[in-house]
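Trainee: Could you help me learn to read a protein model?
Mentor: Gladly! Let's look at one together.

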Amino acid sequence: MIDNPGEVTAEQMERWASDFDSWDVCDQVCSNLFDKTRFAYQKAQEWSGREEGFVRRAGFVLMATLSVHDKKAGDDKFLEFLPLIKRALWMKGTLSKKL
């Protein structure tokens, strides 16, 4: 979990995310390191559609932490997340087909 965000690579993020095996480690790495990397928005989008449970969780944790921590981002950056959130809800059968 300890690293310099400017030196983290996309490949490193993939390796670490594939090793997540608990929600607390996933959430802490995403909210204390990954959200500060230049790949954070890209990985939030990519991972939110993945099948692996903790990788998918990492995508949504990144969305949440970016919305709190990235004070310079405009609303448009976060509005891009809404279709991804809706897609994930339908994927897991969480929403009724009546919506």
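**Reading the helices**

Mentor: Among contacts (heavy atoms within 4.5 Å) between residues at least 6 apart in sequence, 63% join residues at least 24 apart. This is a predicted model, where local features need pLDDT of at least 70, side-chain atom pairs count only at pLDDT 80 or more, and totals for chains, interfaces and linings use all residues. Residues are numbered from 1 along each chain as its sequence is written, and side-chain values use heavy atoms, leaving out hydrogens and water.

Trainee: How many helices and strands does the protein have?
Mentor: Six helices and zero strands; helices (H or I, at least four residues) and strands (E, at least two) are DSSP runs, numbered from the N terminus.

Trainee: Which residues of α3 are buried?
Mentor: Buried means under 20% relative accessible area, with a 1.4 Å probe and protein chains only. In α3 these are A40, Y41, K43, A44 and W47. They sit on the same side of α3, because they cover an arc of only 165 degrees around the axis, taken from the directions from the helix axis to the C-beta atoms.

Trainee: At what angle do α1 and α3 pack?
Mentor: Axes are lines fitted to C-alpha atoms, for helices over the stretch in contact, and angles run from 0 to 180 degrees between N-to-C directions. Helix α1 (residues 10-19) and helix α3 (residues 40-47) pack at about 40 degrees, their axes 11 Å apart. Therefore α1 is oblique to α3 (oblique is what remains after under 35 degrees, roughly parallel, over 145, roughly antiparallel, and 65 to 115, roughly perpendicular).

Trainee: Which residues meet there?
Mentor: A10, M13, E14 and A17 in α1 meet K43, E46 and W47 in α3.

How values were computed:
Buried < 20%, exposed > 50% of the residue type's maximum accessible area, 1.4 Å probe, protein only.
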